[in-house]
Amino acid sequence: MQRKPTARPRRLFASTALALALLAGCSGGIDLAGLAGGVDSGGTGSAIVVGPITGFGSIIVNGVRLDDSAATITDDDGLPRSRADLKLGVTTSVDASALTPDAGGLSGTATSIRIGSELVGPVDAVDAAAGTLTVFGQAVRVGATTVFEESLVGGLAGLQVGAVVEVYGQYDPAARRHVATRIEPAAGSALFKVRAAIDAIDPAAETMSIGGLLIDLGGLSDDALSGFAPGLIVRAKLRTASESGRWPAVSIAPAETELPDREQAKVEGRVTAYVSSRQFSVDGIPVDASAAAFPDGEAAVILSARVEVEGSAQGGVLRATVVEVEDDDSEDSSFELHGTIDALDATARTFVVRGVTIGYDDAVVFEGGAVGDLAAGREVEVQATLAADGTRLQAMKVSFKS
């Protein structure tokens, strides 16, 4: 790679004030700016919902059922994706119509859906006993609600060092690790990716370190690197082969988050910047919680806490009416699926809804029917938890709808 010996290295360092300002507006999550053309006035009857997919019917995010049948679906590069890419655990930002109450909670119609992952890269190490792995130099935590693609037999224990995977989740800035909501194979990826905080920059060597990665900045322009500083959370795309221990950067940019103006907003994420329980950021989105209710109390709202914030979005700020703290270690988190049974395997005691394999046993509660009524073509509503290896669901309750 040909070097460009310019004055650029001195420009890699931002002032402390600039770095903190950028950090307050950055995240390890999805860039929202592309939804509905970025920040706008919202208009009457508008909502935005941010979080991982926890069910189908059409999709369920943060407990909101969103009809995705006519939605435009893109990834965090703005490239078109399909409904087949909307899977359990995939992190999303959904622009939608007004959310209205129904028998199941809230529902709306999605107009735009953007999906985005945290990491794409090789598995460096796996510690199944500890529930952790390292992907492309970055620490990743796996929990009770981390979904593994069904082809990853055995889930975490079945991951092989060197296999290329894609990790969806949320960045924990205090622990400098990712908390995974979904892990799936990504063999054949044209580029690797990482969203995380910069640990250090070496202007003379034209390198940057992020977790266990040493990134070569030599191919990037001065403008592309303006304003970088340690602590800033960035989104980096890298070539898939290292050169002398360095990973050549294709692009690096602050993981900017711009929240469009919306009358209703429901956002689940990590506290990535913290002043007080009334003033903080969730995945880079500034939150004004001065008038919010805290059903779980305020003491648990700290840096890196997983929270769900409900309110409205105005001027890029999430003005909270309710702030709830979610438990990372809860084993009780469930998934919900509504749809038609696509296939049934009575021997294996599994059935498939919306492409998701669901196991059942004698402990399942059936409503409107019995186990013998499970059949392809039957419409059901299923409440389930993840099986031990995370690759499929285990039904707790099945309600027949037809």
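In this predicted model, the largest nonpolar core comprises 42 residues. Ile183, Met208, Ile215, Leu238 and Ile252 have the most contacts inside it. Leu238 shows what such a position touches: beyond its neighbours within four places in sequence, Leu238 is in contact with Phe136, Leu191, Phe192, Val194, Leu213, Ile215, Trp247, Pro248, Ala249 and Val250. Apart from this core lies another, of 39 residues, which includes Leu88, Leu99, Ala384 and Leu386. In soluble globular proteins, nonpolar side chains tend to be buried together.

Thr91 belongs to strand β5, which covers residues 91-97. With a relative accessible area of 6%, Thr91 counts as buried because the cut-off is under 20%. The side chain of Thr91 comes within reach of the backbone oxygen of Gly116, at 2.5 Å.

Several strands contribute at least two lining residues each, namely β1 (46-56), β7 (105-115), β13 (177-185), β20 (262-276), β23 (306-314) and β25 (335-345). Sorted by class, the lining of the largest pocket has 15 polar, twelve charged and eight nonpolar residues.

The second largest pocket has a volume of about 360 Å³. It is lined by 19 residues, with Asp77, Val120, Glu166, Leu191 and Lys193 closest to its centre. Two or more lining residues come from each of β12 (164-172), β13 and β14 (192-197). By class, the lining of the second largest pocket has eight nonpolar, eight charged and three polar residues.

Key
Residues are numbered from 1 along each chain as its sequence is written. This is a predicted model: local features need pLDDT of at least 70, side-chain atom pairs count only at pLDDT 80 or more; totals for chains, interfaces and linings use all residues. Side-chain values use heavy atoms; hydrogens and water are left out. A nonpolar core is a set of buried Ala, Val, Leu, Ile, Met, Phe, Trp, Tyr and Cys residues joined through side-chain atoms within 4.5 Å. Buried means under 20% relative accessible area, exposed over 50%, partly exposed in between (1.4 Å probe, protein chains only). Contact means heavy atoms within 4.5 Å. Helices (H or I, at least four residues) and strands (E, at least two) are DSSP runs, numbered from the N terminus. A polar contact is a pair of N or O atoms within 3.5 Å; within protein, one must be able to donate a hydrogen and the other to accept it, and residues adjacent in sequence count only if both atoms are side-chain atoms. Ala, Val, Leu, Ile, Met, Phe, Trp, Tyr, Cys and Pro count as nonpolar, Asp, Glu, Lys and Arg as charged, and the others, Gly among them, as polar. On a 1 Å grid over the protein atoms alone, a cavity is a set of points where a 1.4 Å probe fits but cannot get out, and a pocket is an open set with protein on both sides within 12 Å along at least five of seven lines; lining residues have an atom within 4 Å of a point. Grid points are joined across faces, edges and corners, and a volume is the space filled by probe spheres set on the points.
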